[in-house]
Amino acid sequence: MTRAKLCILVPAHWEALMGGSQYQAKVLVDYLLAHYDVDIAYLTTQAHPSFKPEGYRIVPFSDRRGLRRYGSFFDVVRLYRALARERPDIILQFVGSAHTGIAALYARQHGCKMIWRVTSDRSVEPETAPWLRPHLRLERLFLDFGIRNASLILAQTEYQRATIAAKYPNAPVQVLPNFHPSAPDCGRTGAVMKQVVWIANLKPLKNPSAFVRLARRFAARQDVRFVMVGDTLDDSPWTKDQLAAIAATPNLEYRGALSQTEVNTLLEHTDLLVNTSDYEGFSNTFIQAWMRRVPVVSLRVDPDRLLSRGGLGAVTGTEESLFGCVAVLLDDPEKCAAIGARARRYALEHHAESNIETLARLLTLAASAGGFSPDLTARRSVR
C-alpha cells in the first residue's frame, strides 16, 4: 500500500528557531515517526544548514531576503511549486499567514486535504489598522482565503473556535489543545532563594521590557532571583536596547536560548512563571510550568480565562498589579502550592500526549477520506 505523504508547513524548523509552533511540530513529527508509517516533508523558510533530519525531509522553499521580508504572500509561487513537487495527500499548516491561503489554494486545486493549526489569537481577530499597513492587508486576504477553504481548522482554545465560527460560520473548526509529554512530579523544594522566570524569544509582542521593570522593583529583595530565557531574532537597535536594559539590572539573569530539556529543568526549580506578551495563542510555556506545579502570572494573556477563572494563576492587566500579585504569591508559599497542584492536574488532564494521538487519527481520516488510496497506517498499537 502506498505510504501517505504529509507536508508539514511551518515558518521555521526547530533547529533554526525554537518557538511554540516549532515545538508542537517537533513533538508531532517524533510521534508520527515512532508510531506511524508516513512520508513526511517539512516545508519551511528557515532551516539550520548543518542539521540532517532522520526519518523525514526538510524542504526549504524560501527565505526572508528581498521582498519576502515584507510578507509571506511573496511566497505564492515558490510555496505552490514546492507543494506541487511534493504532491502531498495532507498538508498540516501551522501559524496564520499568507501560507495558509497558498496551502488551501493548492489543496483545493489538487484534491488533497489541508488542515490549519491556529497558533495565535491574533490570527482569528480583525486586523486593527490594515489600511495603514497595506502589506498586512494582503497577508490577511490570503489568510482569510485559507480559513474559508481549509478542510479542517484546529483551534487551541474555545475562544479561538468561537471567534472563527462567528466570522466564518461554514468553516470546519474544532478545539485540539496543545500537547506535551507528561512530566514527572517534581514537587516543591521550599528553597530559600525564590525564582521568577520569563520565557519567550525576544521580540516586541512579547514585551520583555515589562519583565525588566518588574525585576527592578524587587531589587531590594535578596531572596528573589529573576531569570529571562529566549533567543534574540536579530541585532536591531530594539534588540540591543533590550539586552542593554537586562544587563543593567543586577537581580536579572539572561540565559539566552535554552533547549526544551534545559527549560523544563529550570521550571522544576521555579516559583512563578511571568508572561508579559501583548497576545498569544496558548503558550506552551504555560503547560510546561503547570506540569511542574508552577503558577503563571500574566500581564494580559488569559487563554479561555484559565488564569482568572480556572485558578491556574493570575492575570493582572497592569504592571502595577503585576508587581503586587508577584509580591503576594512569593510571600505565600501555601497559596502557590495550592495553585501549582491544581495547575498540574489540569495540564495532565487536558494537555497530555493523548492529544498527539488525536491529531494523528485526524490525519488518518484526512488521508482516507474522499477515496484516497494512501493510508496513514500505524506501525504498532498506541495506548
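**Strand pairing and helix packing in the predicted model**

Strands β11 (residues 272-275) and β12 (residues 296-298) run parallel to each other, joined by 3 bridges; two strands count as paired if DSSP finds at least two bridges between them. Helices (H or I, at least four residues) and strands (E, at least two) are DSSP runs, numbered from the N terminus. Across this pair, Leu273 sits opposite Val296 in β12. This is a predicted model, with pLDDT of at least 70 needed for local features and 80 or more for side-chain atom pairs, while totals for chains, interfaces and linings use all residues. Residue numbers start from 1 along each chain as its sequence is written, and side-chain values use heavy atoms, leaving out hydrogens and water.

Zooming out, β11 and β12 belong to an open sheet of 6 strands, ordered β10-β9-β8-β11-β12-β13 with parallel pairing. β10 (252-254) and β13 (313-315) are the edge strands with a single partner strand each, so one side of each has no neighbour in the sheet. From one strand to the next, the twist averages 20°.

Helix α6 (residues 208-217) lies across β8 (194-199), β9 (224-229), β10 and β11, at about 165° to β9. Axes here are lines fitted to C-alpha atoms, for helices over the stretch in contact (heavy atoms within 4.5 Å), and angles run from 0 to 180 degrees between N-to-C directions.

Then there's β2 (residues 36-44), which pairs in the parallel sense with β1 (residues 4-9) over 6 bridges and with β3 (residues 57-60) over 4 bridges. Leu43 in β2 is the bridge partner of Leu9, and Tyr42 stands opposite Ile58 in β3.

How values were computed: Buried < 20%, exposed > 50% of the residue type's maximum accessible area, 1.4 Å probe, protein only.
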